[in-house]
2 protein chains.
Amino acid sequence: MARLTELSTPAALVDRARVEANCARMKARAAALGVALRPHLKTAKCAEVAALAGGVGITVSTLEEAAWLAARGYRDQTYAVGITADKLDAAAAIDADLAVLTDDPDVAAAIGARGLPAWIEIDSGQDRGGLRPDDARVVDCARALGAHLRGVLTHAGHSYGCDSTDAVAGVAEAERAAAVAAADAIRAAGIECPGVSVGSTPTAVHARSLDGVTELRAGVYVFFDRFQHAIGSCGADDLALSVLASVVSRRDGAAWIDAGTLALSSERSMDRFGGGYGAVTAPDGAPLPGDPHVDALNQVHGRVVAREGALPALAVGSKVRVWPNHACITAAMFDAYDVIDDGVVVDRWPRLRG
Amino acid sequence: MARLTELSTPAALVDRARVEANCARMKARAAALGVALRPHLKTAKCAEVAALAGGVGITVSTLEEAAWLAARGYRDQTYAVGITADKLDAAAAIDADLAVLTDDPDVAAAIGARGLPAWIEIDSGQDRGGLRPDDARVVDCARALGAHLRGVLTHAGHSYGCDSTDAVAGVAEAERAAAVAAADAIRAAGIECPGVSVGSTPTAVHARSLDGVTELRAGVYVFFDRFQHAIGSCGADDLALSVLASVVSRRDGAAWIDAGTLALSSERSMDRFGGGYGAVTAPDGAPLPGDPHVDALNQVHGRVVAREGALPALAVGSKVRVWPNHACITAAMFDAYDVIDDGVVVDRWPRLRG
């Protein structure tokens, strides 16, 4: 078994014990809330992580992801991004029980005509896709789908903007209430609405009740990240994804590493918590003097500076570990995870890039 | 031949005639300046674009890129990112005439012992990798490399921060002068320094003289992008890369498309020119009322809003074309280009993802 520091850099490291613990905790959350779990594989895009996450099926974010995971045995899928009519042939061609999503009555009619199972997207406050629960088009979509209707689905992505766990619990309640209200409107029109699906990692962690909900979707919890830690979704010791990098040039007060935008992503979600593109530690995860972070990126270069005091001596060739802002986007830059356990590389898990 | 609007979205579109014109113009620039051209394939990562770019060889940004392009016939390569000693075996194993780069005397000694050809990185003001030309370590590196020294290499990436073409011309002169001074210092120590390599797209476009330089590297000019247009490196009609996207949800004042961070990247280089993540036009490139742009991104969703007046009617399923901020990073999100000519899809060129 290779030592961590023998890996070629940049490498996406996954701490197996932490993924297992994160997955076990979310399974217990879903069980305690009395709902099924349908993990969102958009974060990990990896069959081995899907196996650890468990659940009744999976959620995917692209048709490519759907096909890739179907080929690896994950056939019960929800494609949780609004579909367009011209993608229905491609969706139907995937060898899976793939349910699609829409908020548009015309698209719903095309889906119904095609006989594909589908969910109706509800807006619970994120203001992205979805219909407000009292919008008459919710029932129009349900009618167009008829027996192919799986249920209503919402994602409270605005939970990411909360500044307290109480606020997240409030968003979770709004998410639940919007989805249940939409299902009730459909049922009041005499149409069966079996499923009520909600989820985002923060609301999944902090929801106080999911009465009326049947299914929980969440994704980033398998790895967590600096941003999820900052908003209170996890502890610092739950972060399971990091990037191993090498120092390639050393200057006064800064070190340049071989992890730039195409390894870390230029995701700036941490701007409201002090900024930067990732926290930097020793390869074993131990803090470094000066609490360094990555403060600037080029395509394949990242600049490491101290946040307080001086940057430690990091000779050219030294290895560091970078803890990313947003695990979903950083993971997307790699086509495999180097899996570590107690600082030793124990496996390599392929993932779908992008 | 498929029509543009029949492509599955998101798709990375490359306008073949524009790439040809951009490549021809840069070849003519290099010829007029009396230097060889070594295009940087970090932008396109594509053999077909390399063929159009021509030149005496190529520049690459990762060893994976080096191997991928070597397998496609591009064997004269410079890996223009500082190498570490533990990557030398991997570099030597690539079936190419691959020259590496360092600014560190210890690494230079390891390269020399290995017998790999190498360049010494010079800092001409970007403050990333490289030694200042008067740093004694320039000669130390040259001595350690001995007969394996290819020359000195610099990249004036700070040209991206300029606000006039005169300022870019000034950076180009500083880039030239720093590289020539470093070569002169090596020669004064009695060591042969055959090559003097400079380049960035803005300085390549606006340099007034490259006296003493042997070779020009530039990359993004094959496609150009909104940022390069904003800083005066090209005209609006030179942009050769765009992303075709579909509207997946329509709301008051906004449309959500199926191109998010993993299609466009969250690159914010346009913040000083009005912000956003990409300009939005009709599929044929014609302007849309309201001058829309992408103002918010999630992983696979982008939000389109008008910059003035109202957003035009864009029904779910409508196609739009997004013109990215930074072509290198947007292109990296795809594994092929859909090549268009006069609005018709004429080819599909594979590229190395990432």
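Which residues of helix α6 (residues 136-145) of chain B are buried? The model is a predicted one, in which local features need pLDDT of at least 70, side-chain atom pairs count only at pLDDT 80 or more, and totals for chains, interfaces and linings use all residues. Residues are numbered from 1 along each chain as its sequence is written, while chains are lettered from A and ligands numbered from 1 in the order in which they are written.

In α6(B), the buried residues are Val138(B), Val139(B), Cys141(B), Ala142(B), Ala144(B) and Leu145(B). A residue is buried if 20 or more other C-beta atoms lie within 10 Å of its own, exposed if 12 or fewer, and partly exposed in between, with C-beta atoms placed from the backbone. Helices (H or I, at least four residues) and strands (E, at least two) are DSSP runs, numbered from the N terminus. An α-helix has 3.6 residues a turn, so residues three or four places apart point the same way. The buried residues of α6(B) pack against β5 (97-102), α5 (105-114), β6 (118-122), β7 (149-154) and α7 (165-188) of chain B. After α6(B) comes Gly146(B), which has a positive phi near 55°.

Two packed helices are described by the angle between their axes and the distance between the axes. The axes of α5(B) and α6(B) cross at roughly 15° and come within 7 Å; axes are lines fitted to C-alpha atoms, for helices over the stretch in contact, and angles run from 0 to 180 degrees between N-to-C directions. The two helices α5(B) and α6(B) are therefore roughly parallel to each other, given that angles under 35 degrees count as roughly parallel, over 145 as roughly antiparallel, 65 to 115 as roughly perpendicular and the rest as oblique. The crossing of α5(B) past α6(B) is right-handed; a crossing is left-handed if the near helix is turned anticlockwise from the far one by less than a right angle, and right-handed if clockwise. On the α5(B) side the contact is made by Pro105(B), Ala108(B), Ala109(B), Ile111(B) and Gly112(B), and on the α6(B) side by Arg137(B), Asp140(B), Cys141(B), Ala144(B) and Leu145(B). Two residues are in contact if their C-beta atoms, placed from the backbone, lie within 7 Å. By class, this contact has seven nonpolar, one polar and two charged residues; Ala, Val, Leu, Ile, Met, Phe, Trp, Tyr, Cys and Pro count as nonpolar, Asp, Glu, Lys and Arg as charged, and the others, Gly among them, as polar.

In chain A, helix α6 (residues 136-145) packs on helix α7 (residues 165-188) at an angle of about 60°, with the axes 9 Å apart. Helices α6(A) and α7(A) are therefore oblique to each other. Their crossing, too, is given a hand: α6(A) passes α7(A) in a right-handed crossing. Val138(A), Val139(A) and Ala142(A) of α6(A) meet Ala182(A), Ala185(A) and Ile186(A) of α7(A). The contact comprises six nonpolar, no polar and no charged residues.

At the level of domains, chain A is divided into domain 1 (4-12 + 234-350) and domain 2 (16-223), with bounds that come from an automatic or database domain assignment. The C-alpha centres of these domains of chain A lie 32 Å apart. Contact between them involves 12 residues of domain 1 and 13 residues of domain 2. On the domain 1 side, α11 (327-331), β16 (336-341) and β17 (344-350) of chain A give two or more residues, and β16(A) gives the most, with four residues. That side divides into 10 nonpolar, no polar and two charged residues.

Between the chains, 41 residues of chain B are in contact with 41 residues of chain A. On the chain B side, β10 (241-251), α10 (261-264) and α11 (327-331) each supply at least two residues, and β10(B) gives the most, with four residues. The chain B side divides into 13 nonpolar, 17 polar and 11 charged residues.

Two single positions complete the account. Pro39(A) lies in the loop between β2 (36-37) and α2 (47-53) of chain A, and counts as buried because 29 C-beta neighbours lie inside 10 Å. Phe227(A), in helix α9 (residues 226-230) of chain A, counts as partly exposed, with 19 C-beta neighbours inside 10 Å.
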